[in-house]
Amino acid sequence: MKIIVTGGAGFIGGNFVHHMVNKYPEYQIINLDLLTYAGNLETLKPVENKPNYKFVHGDIADRDFVFKLFEEEKPDIVVNFAAESHVDRSITDPEAFVRTNVMGTTTLLDACRTYGIKRYHQVSTDEVYGDLPLDRPDLFFTETTPLHTSSPYSSSKAGADLFVLAYHRTYGLPVTVSRCSNNYGPYHFPEKLIPLMISRALADEELPVYGDGANVRDWLHVSDHCEAIDLILHKGRVGEIYNIGGHNERTNLEVVKTILKALDKPESLIRYVKDRPGHDRRYAIDPTKIETELGWKPKYNFDTGIRQTIDWYLNNQDWWKHILSGEYSQYFEKMYGDRL
Ligand code: NAD
Ligand code: DAU
């Protein structure tokens, strides 16, 4: 089995590459990544010399490049993690999101149509459903909740999902889609809430909480997300959407206070700042379908997962300090400079 994993130098894609390379030594895992600011080859150090792993530097929206790669590799499966993923960046530069998230996806789909594929899996997000009100804790996103996006990021992800499902219906492409809630865990880029707060608290810097801090996210440890995608690839039904989430809703303020407590830092570091425009209030996933159909169950709850994550950031300070200093971008040159 030959699998192209796109965006495998990012947070979730990197964790997924580790998972697949170690669990399936008989599979060939090809990590295709453009190495934008969010791509970090240092994340792949533990697997970079494994015989079933290969890195390819390239852009999923570059049609000539993608078609040439498919011609050479003839993959059985494509798992598309590659994306511009940060909501705040989508507010300042929406176009990059259209290019990678929509056009990158359609380019991959066209290559799959042309060369044939056993499965194309689209890694999507719960943000395509928009948000839920804070005063209706009984409401959850199911797979049939209408798409109702808020940000340029979520709009580009919803657009991509619609193309994926259209290629299934129109051309019979064997696709699956997963929509997961907020992930956290090792190798999370320190622009996102949890790693940002851990790294800043450790440096005794102010922690910027948007608005009133009452927005709710439904947190899932990244390894549980990786297990879910593995299950969907092996047992999921073609043409189906699977929501992924573990019922771990927390307000942003609760998350920040949990981190401060674990690091023995004072709450006086919290600084309320201007809210994110269009800020979604609450996300909450109903995971009944993946639990009942595929038998998926998360291993972590938020309390065990956040402890593991904080320990990882304490024990792997080089990884995130290299990012903050910009040093991580030199790793590609060091590893691949003489091979190009
Ligand atoms: P990330 O920003 O950490 O990583 C994205 C990766 O994609 C990077 O390695 C980057 O270099 C690569 N990339 C970007 N543009 C590319 C292009 N044009 N061609 C090839 N590679 C490119 O993102 P993440 O948080 O790991 O998210 C991965 C996927 O999961 C995304 O599709 C995202 O929408 C989805 N998702 C994320 C979360 C979350 O909480 N982080 C939750 C649900 C779904
Ligand atoms: O729900 C899944 C989505 O989760 C993914 O699709 C996105 O790729 C991923 O980035 C994430 O989006 P969020 O916007 O929820 O994540 P972020 O870490 O940016 O913010 C989490 C919450 O914390 C959100 O309510 C905004 C708030 N926040 C964020 C930052 C960076 C702050 O209050 N302060 C901050 O500095």
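**Reading the model**

Tutor: Begin with burial: of the 340 residues of the chain, 56% count as buried. Buried means under 20% relative accessible area, exposed means over 50%, and partly exposed lies in between, using a 1.4 Å probe and protein chains only. This is a predicted model, in which local features need pLDDT of at least 70 and side-chain atom pairs count only at pLDDT 80 or more, while totals for chains, interfaces and linings use all residues. Residues are numbered from 1 along each chain as its sequence is written, chains are lettered from A and ligands numbered from 1 in the order in which they are written, and side-chain values use heavy atoms, with hydrogens and water left out.

Student: How many helices and strands does the chain have?

Tutor: Helices (H or I, at least four residues) and strands (E, at least two) are DSSP runs, numbered from the N terminus. Here there are 12 helices and 13 strands.

Student: What does the radius of gyration say about the chain?

Tutor: The radius is taken over C-alpha atoms, and the globule rule is 2.2 Å times the number of residues to the power 0.38. For 340 residues a compact globule would have a radius near 20 Å, and the chain, with 19 Å, agrees. The C-alpha trace spans about 55 × 50 × 35 Å along its principal axes.

Student: Among contacts between residues at least 6 apart in sequence, what percentage join residues at least 24 apart?

Tutor: Contact means heavy atoms within 4.5 Å. Of those contacts, 82% join residues at least 24 apart.

Student: Which residues of helix α8 are buried?

Tutor: In α8 (residues 252-262), the buried residues are Asn252, Leu253, Val255, Val256, Ile259 and Leu260. These residues lie on the same side of α8, because they cover an arc of only 160 degrees around the axis. The arc is that of the directions from the helix axis to the C-beta atoms. The buried residues of α8 pack against several elements, including α6 (193-202), β13 (270-273) and α10 (302-315).

Student: Which residues of α11 are buried, and which are exposed on the other side?

Tutor: Trp319, Trp320, His322 and Ile323 are the buried residues of α11. Their arc around the axis is only 150 degrees, which puts them on the same side of α11. Asp318 and Leu324 are exposed on the other side. The cover over the buried residues of α11 includes α6 and α10.

Student: Where is tyrosine 328, and what is it in contact with?

Tutor: Tyrosine 328 sits in the loop between α11 (317-325) and α12 (330-336). Its relative accessible area is 10%, so tyrosine 328 is buried. Leaving aside neighbours within four places in sequence, tyrosine 328 is in contact with Tyr37, Gly39, Asn40, Glu42, Phe189, His322 and Ile323. Take glycine 39: this residue and tyrosine 328 are 289 residues apart in sequence, and their C-alpha atoms are 9.2 Å apart in space.

Student: Is histidine 247 buried, partly exposed or exposed?

Tutor: Histidine 247 counts as partly exposed, because its relative accessibility is 45%. Histidine 247 lies in the loop between β11 (241-244) and β12, and its phi is positive, about 55 degrees, although it is not a glycine.

Student: What is aspartate 88 in contact with?

Tutor: Aspartate 88 is in helix α3 (residues 87-92). Leaving aside neighbours within four places in sequence, aspartate 88 is in contact with Tyr210 and Arg276.
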